[in-house]
Amino acid sequence: MTLSFRPARAGDLDELVAIHTSAFPDPRGYAVRAHNFAANPLGTLDDLWLAEEGGVLLAHAFLFPLQAWFGGQCVRVGGIATLGVAPTARGRGVASQLLTHLHEVARARGDVATVLYPFRQAFYARLDYAGTSPYRRLRFRPQAIPWSASGSGSGSGSGSGSGSGSGSGSGSASVTLRLRAATGRDRRAMASCWDAVAAARTGELVRAERAWDARLAHERRIWLVAEGENGIEGYVAWTVMKPDPFVEALMVVDELASISDRARRLLWAAVGAQRAQVATVQADVPEDDPLIYALDDGHPSASAQAQVEHPLGVLACGPMLRVVDPAAALAARGWGESGALVLQIGERRLELRSRDGRGTVRETRAEPDLWLDARTCAAIALGGLRVAGAARLGWVNARESRAISVADQIFALPPYFSVERF
């Protein structure tokens, strides 16, 4: 089977929607699916690649030109999404061939990695995609939040729910932090908060203006800001879902970003203050988020069990990623610790040196410290997997045990987490 590949055109929309509907058989109609192709907040039709055979359209997939944060450095990545194959072409390797083409396009334009949210992990693992850090999807009663928007915070070390204290937490100076509805004038300040939070995470996307436009245009989403004496210190956005008048309401916290701990507590207090309207709060947080320690009797009673009396949610898989080129990936990300390692990655032997937050990589003949494959390299270099964890899985071999602990310090990243799904 000989396939050809090309970017999509406006005239392809009818065929694209037909394939998309067969691949993703959910209730969305033609208009919503066509809008997803033609006006996606992460890209345009030029970023949608098609696979054809003899002029017949067989498959489609986006390759978004994105940037994401790894180790405090902004890295170019390709976001693969909306992979769909026509019913008549399934089982013939079309999806694999389209993905291989996208990998080459990503390499040619200078992407360090490709990232996707898999429909089936095993399929992508065969193409050297690795999992990233899991995240926590919390579900709790709003009453479980111990802080109060009126300033009567409870619980050990809660400080003032209204935000008294310094920007970093429980300081002693009493200052005012006000909660209010966001307006259009707050957009730039909110974006600054977002940028600060995203830069400190692993895998969070740099949010373009069109992506902000799409998120702010959501007609049912509520936006609140926490404003201090020097301006906005954080914001929260949520959506309340109540499909039936007699069904309890669910609040989904879409995102919460703050540049101070006091603002973070106040914004969570605002979520808790909705207890008269909503029965359950759902919030996705990074694996290391300390919020779970603050929640008091947080479980919805219906989900409690004898063995698990206070369930707080589930541990969920994040996206998968693949390094386009290991050397480029190691050189592009940021590094918190200085050091040097020789890595045998498949057939390539690379010397990594990290210093002052940046890494340099060169080919070498020196004896390797670690042996690993490209998929494991993706997991530990960008995905948040600890080297020691990879070694326990049998994915890394070391010349000596000390090399594992040294590599752990050098490669250390916060857990992978991104609120931008695609």
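1. Among the lining residues are Y117, Y135, P319 and R421. Its volume is about 40 Å³, and the structure holds one cavity of 30 Å³ or more. A cavity here is a set of points on a 1 Å grid over the protein atoms alone where a 1.4 Å probe fits but cannot get out, and lining residues have an atom within 4 Å of a point. Points are joined across faces, edges and corners, and the volume is the space filled by probe spheres set on them.

2. Please keep in mind that this is a predicted model, where local features need pLDDT of at least 70, side-chain atom pairs count only at pLDDT 80 or more, and totals for chains, interfaces and linings use all residues. Residues are numbered from 1 along each chain as its sequence is written, and side-chain values use heavy atoms, with hydrogens and water left out.

3. On confidence, the protein averages a pLDDT (the predictor's confidence in each residue, from 0 to 100) of 92, and 93% of the residues score at least 70. Over residues 152-173 the pLDDT is below 50, yet this stretch has 43 contacts in the model beyond near neighbours in sequence (heavy atoms within 4.5 Å).

4. Five strands form an open sheet with mixed pairing, in the order β17-β16-β15-β18-β19. Strands are DSSP runs of E, at least two residues, numbered from the N terminus, and two of them pair if DSSP finds at least two bridges between them.

Definitions and conventions. Helices (H or I, at least four residues) and strands (E, at least two) are DSSP runs, numbered from the N terminus. On a 1 Å grid over the protein atoms alone, a cavity is a set of points where a 1.4 Å probe fits but cannot get out, and a pocket is an open set with protein on both sides within 12 Å along at least five of seven lines; lining residues have an atom within 4 Å of a point.
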